[in-house]
Amino acid sequence: MMVKKKIAKFLSFRYKILALILLVLSGGLLLLPKASKQEGINAEQLLGRVISPERYISTDQIADKIIGQDPSFILIDVRDAENYKNYSLPNALHIPLKNLLDEEHEPYLNQSQYDVVFFSNDNFYADQAWVLGNRLGYKNLRVLRGGLNEWYATIINPSIPDENMSAEAFELYSTRKAASMFFGVMYPEQGKVEDVVVQKPAPKQIIPVKKKKKRPAEGGC
């Protein structure tokens, strides 16, 4: 009987935490004037997607996709223009969170050809974009876990494992180090810059759905 009570208490606590997360994320959407005018999935469906681990994608997975020139995803930077100009991921589209609902951006969000990966400096703005997109019923939406902060910590500047760590840790470091070299990071043992060839991914060609232009009215005076 005590075990059942503990389980029930744990589940109740878990759902309270999830509700709090949704409340925090949705709070930022109040800044988007069009959000309240949209209709989409209900709260229960949204909660189901929130607790799914599939909504996040890791920096290692994204690095692997970029290096392999995987054509199956779109990166969307939802930060402001200044942050985007300073640094962003290769071939990322820039759609600030405040402009996410603009009609011109819908073809990039509401489509099934690609996985759409939102990212910001951390998870905060990207999570809001994800919640908003799901609220509108869009599918195949993901969030880069940890954002660009995690990208720097794991891909651009990976930590060297301690000598007592597992072989898996050293293998992961080796993979991340190779990825950082691909993205232009130089290491002392590489020697001269000209000895290193850094490949760049080909730019993704994304063609939005074009709307038909209205014909000019015929006739006249």
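Before reading any accessibility, I noted the cut-offs: a residue is buried under 20% relative accessible area, exposed over 50%, and partly exposed in between. I also noted that this is a predicted model.

**Entry 1: tyrosine 87 and its partner**

I looked up tyrosine 87 and found a relative accessibility of 27%, so tyrosine 87 counts as partly exposed. I then searched the whole structure for aromatic pairs, and the search gave four. In one of them the rings of tyrosine 87 and tyrosine 152 have their centres 5.3 Å apart and their planes at 40°, which makes the pair tilted, since planes under 30 degrees apart would count as stacked and over 60 as edge-to-face.

**Entry 2: tryptophan 151**

I moved to tryptophan 151, which pairs edge-to-face with phenylalanine 183, at 5.1 Å centre to centre and 70° between the planes. Tryptophan 151 is in helix H7 and phenylalanine 183 in the segment after helix H8 (167-182), so this pair ties together parts that lie 32 residues apart in sequence. Tryptophan 151 has a relative accessible area of 0% and is therefore buried. I recorded one aromatic cluster made of Trp151, Phe182 and Phe183.

**Entry 3: charges over rings**

I looked next for charged side chains over aromatic rings. The charged end of arginine 55 sits over the ring of tryptophan 130, 4.6 Å from its centre, and lysine 177 lies over the face of tyrosine 187, at 4.8 Å from the ring centre.

**Entry 4: strand S4**

Is strand S4 (residues 115-119) largely enclosed or open? I found that four of its five residues are buried, so strand S4 is largely enclosed by the rest of the structure. I then listed its neighbours: strand S2 (residues 73-77) runs parallel to S4 and is joined to it by five bridges, with leucine 75 having valine 117 of S4 as its bridge partner. Strand S5 (residues 141-144) also runs parallel to S4, through three bridges, and here phenylalanine 118 stands opposite valine 143 in S5.

Methods:
Residues numbered from 1 in each chain as written. Predicted model: local features only at pLDDT ≥ 70, side-chain atom pairs only at ≥ 80, totals over all residues. Heavy atoms only, no water. Buried < 20%, exposed > 50% of the residue type's maximum accessible area, 1.4 Å probe, protein only. Helix = DSSP H or I, 4+ residues; strand = E, 2+ residues; numbered from the N terminus. Pairing = 2+ DSSP bridges. Phe/Tyr/Trp six-rings, centres within 6.5 Å; stacked < 30°, edge-to-face > 60°. Lys NZ or Arg CZ within 6 Å of the ring centre and 35° of its normal.
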